[in-house]
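Got the sequence and the 3D view open? Let's walk through a few spots together.

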Amino acid sequence: MTLSFSVKYYSKHNHLQTIYLYSQIKPKKCHILDCSGNACRSTLPPGSILWWRFLSCKETTKVSRKRKKNPSVITSELLYKDLLRSEQENWNEISARYESMTKRIKQKLEGLHNKYTFNLSSPRIRFGENVYFEENGCIFLSKADDDEANANVLFSTEDIGFSDAHIQRIRISPDQRYMAASLKSENSEEATCVIMKLDHFPVMEKVIPNIFSFEWATSDVLFYTSQKNLKCQEVFMTTFTNERHTKLVYTEQDARFFVDIYCTKDRRFLTINSNSKTTSEVWLVDCSHPFKSPVLVQARTKGVIYHIEHRNDELYILTTYGEPAEYKLMKAPVASSGMENWQLFYALEEKTKLIDLEMFSNHCIMFLQHTGHLYLNVISFVSHSIQSIKLPTWACAFELESHPEHTTSTCYFQLSSPVHPPKCFAYSFKENNLIEQAEQEVPIIKNCHTTRLLAKSKDETLVPITVFHNINSKELHRKPLLVHVYGAYGIDLNMSFKEEKLMLIEEGWILAYCHVRGGGELGLSWHKDGCQHNKLKGLHDLKACIMLLHELGFSQPKYTALAAASAGGVLAGALCNTDPELIRAMVLQAPFLDVLNTMMKTHLPLTMEEQEEWGNPLADEKSMKYIKNYCPYQNIKPQHYPSVFITAYENDQRIPLTGVLKYVQKLRKAARDHASKTDRKGNWIPNIILDIEAKGSHCDSSWEDSLNEVARHLAFLNKELDKE
């Protein structure tokens with residue numbers, strides 16, 4: 001049994017992508033996440049001063065001879081420290097100008113949060129008559145037919161010595177004797193797993209540091225993957241029988257591949273999944289015989305991705321195998337699982353994106369996106385029928401109930417958009433209909449209009465744009481416009497509800513989401529058409545989208561700002577170099593800005609894995625020239641630039657802070673050089689600000705820290721666009 005979000009097959013192990021694309025305020029209470037199904041690959045861990053870290057490092061007692069450092073290394077370290085100190089001093093000096101507005105924005109956002117998310121509880125998971133849930137760092141157990149006010153506290157993170165960590169993922173053994181829980185703090189990328197024995201007084205049986213994914217094969221056998229330097233390449237098995245032992249089960253030799261573990265919904269198999277950006281390989285562990293060696297489903301075939309579910313001695317295979325190279329559902333007998341035996345079970349329509357898939361005992365549910373709209377497809381294994389339901393037109397994002405029971409008769413999920421709070425829906429397998437949950441108290445947003453547009457890119461490809469604005473707004477060409485972009489790894493823009501987006505709509509802003517190539521909004525081909533030697537297509541798409549918005553009267557350049565996070569910084573930074581006149585300001589969160597130098601440093605943990613997205617400049621001169629042609633850092637030159645606000649994290653393992661520091665220094669110099677050579681009256685020098693957060697990491701920040709980040713970004717944008 002598990003407590004997590006559903007398995008989202010389309011992004012098992014994305015690297016630079018942050019969970020919260022541009023300034024999503026994280027919820028205060030619920031932290032039970034399963035990052036294997038989200039944009040950020042690492043399921044991350046506890047604090048840096050936890051007790052076992054000291055006890056487990058016996059080798060630190062050895063005294064080794066000090067080696068002299070290379071002078072160039074010393075010089076580089078001193079330069080880094082000087083740049084860091086300089087930027088921190090600069091931020092301390094200028095932050096005062098944003099203080100009053102930041103305070104006002106924070107108060108308004110907190111009010112919106114209390115208004116729209118007060119009734120959203122943390123995930124509940126039912127196991128027979130028992131219900132498990134987490135709130136404020138405590139794990140509760142209640143009876144299904146009892147009031148949750150009578151729930152018992154099993155344990156808290158503070159009780160077991162993890163007061164600075166939050167619970168991220170939970171797995172409960174089939175007989176409910178043990179609970180495995182991963183814990184993390186906001187400053188770390190590695191998770192720590194604690195195994196609790198659920199007796200009258202729960203006892204901590206084992207602590208496993210540096211863990212990513214884990215599943216119970218039986219009631220006393222746990223499989224898990226270890227994580228080191230953002231990589232997962234080993235699978236271990238540990239037992240809780242009388243004779244306890246831990247052994248290595250699987251090792252991945254290819255540095256481009258990342259390994260995780262999944263349990264099929266019927267609990268028949270554990271799957272060991274080894275995935276690169278473009279290729280998969282799956283091994284099966286029979287849960288009834290966990291000590292037997294894993295069995296290969298299909299040897300990895302370049303360009304073929306596949307994932308496994310099981311039902312009635314048949315494997316259901318979600319795969320890109322065959323034409324077209326988009327996801328399709330196939331099946332094969334367990335006993336003969338090779339690709340030659342795969343039979344097509346269900347194929348998607350052209351230009352349809354599979355967002356999520358969930359298997360139940362007699363049904364399979366698919367959440368799909370077609371022409372900007374969400375659909376629910378229900379496949380019956382009993383009647384062999386397919387029902388397709390168009391979901392409400394305002395819906396842009398969905399979230400499935402936390403790991404629903406395999407035999408349930410109802411599938412629960414939530415729909416939302418950046419400006420529409422989550423609304424609960426249910427699909428009844430018995431009645432074959434969609435039910436809108438009526439008992440919720442979420443206020444309905446009625447003052448926002450949603451428009452879907454298509455921009456014609458340089459090669460005449462039509463690029464989708466989703467636009468939100470206040471229906472009461474007049475003279476839209478005078479209103480501030482915030483444009484969002486990502487365009488990497490085949491990942492969609494995050495379009496779930498965020499309080500700050502609703503606040504902007506209420507204040508008259510226009511929000512635009514540009515679904516450019518490189519992302520996944522139109523399927524796998526949409527991603528392929530925007531990666532490696534096609535990256536410039538995403539840049540052309542972004543330019544076309546902004547130009548169309550202005551042509552249609554949605555704001556104008558002097559009131560336009562661009563927002564991006566992580567790998568989205570590549571296209572945003574590139575646009576600033578090629579077409580700076582289209583925008584007035586830009587806000588970036590943990591941005592990737594120096595593609596060329598990063599991809600040439602093979603010692604960095606993710607460089608090898610990222611080659612399938614960006615190319616390999618070390619081995620391919622064509623790739624080097626192509627990357628150099630669009631890389632934001634490489635193409636900075638003396639010219640007019642928009643104002644820029646960057647938030648970066650001192651402990652970010654994915655985006656080296658050194659690259660961000662160098663980018664900011666080079667951009668400031670270029671802006672100053674341009675200003676000094678321009679004699680035009682009223683010459684304008686952009687504000688280029690770097691806010692370096694000592695706490696937080698690439699994939700996670702606390703509620704308070706993320707609230708502060710969002711408020712500072714919006715205060716900056718209001719001042720730059722003269723909307724105080």
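This is a predicted model: local features need pLDDT of at least 70, side-chain atom pairs count only at pLDDT 80 or more; totals for chains, interfaces and linings use all residues.

Residues are numbered from 1 along each chain as its sequence is written, and side-chain values use heavy atoms, with hydrogens and water left out.

- Helix α3 covers residues 99-116 and helix α4 covers residues 499-506; they pack at about 110°, with axes 9 Å apart. (Helices are DSSP runs of H or I, at least four residues, numbered from the N terminus.)
- That makes α3 and α4 roughly perpendicular, a label for angles of 65 to 115 degrees.
- On the α3 side, I105, K108, L109, L112, H113 and Y116 meet E499, E500, L502, M503 and E506 of α4; contact means heavy atoms within 4.5 Å.
- Sorted by class, that contact has 6 nonpolar, 1 polar and 4 charged residues.

**Cysteines**
- How many disulfides does the structure hold? It holds 0, counting pairs of cysteine sulfur atoms within 2.5 Å.
- C411 counts as buried because its relative accessibility is 1%; buried means under 20% relative accessible area, with a 1.4 Å probe and protein chains only.
- C531 is buried too, at 10% relative accessibility.

**A covered helix**
- Helix α9 (residues 607-614) is mostly covered, with 7 of its 8 residues buried.
- Those buried residues are T607, E609, E610, Q611, E612, E613 and W614.
- Just after α9, G615 takes a positive phi of about 105°.

Definitions and conventions
Axes are lines fitted to C-alpha atoms, for helices over the stretch in contact, and angles run from 0 to 180 degrees between N-to-C directions. Helices (H or I, at least four residues) and strands (E, at least two) are DSSP runs, numbered from the N terminus. Angles under 35 degrees count as roughly parallel, over 145 as roughly antiparallel, 65 to 115 as roughly perpendicular and the rest as oblique. Ala, Val, Leu, Ile, Met, Phe, Trp, Tyr, Cys and Pro count as nonpolar, Asp, Glu, Lys and Arg as charged, and the others, Gly among them, as polar. Buried means under 20% relative accessible area, exposed over 50%, partly exposed in between (1.4 Å probe, protein chains only).
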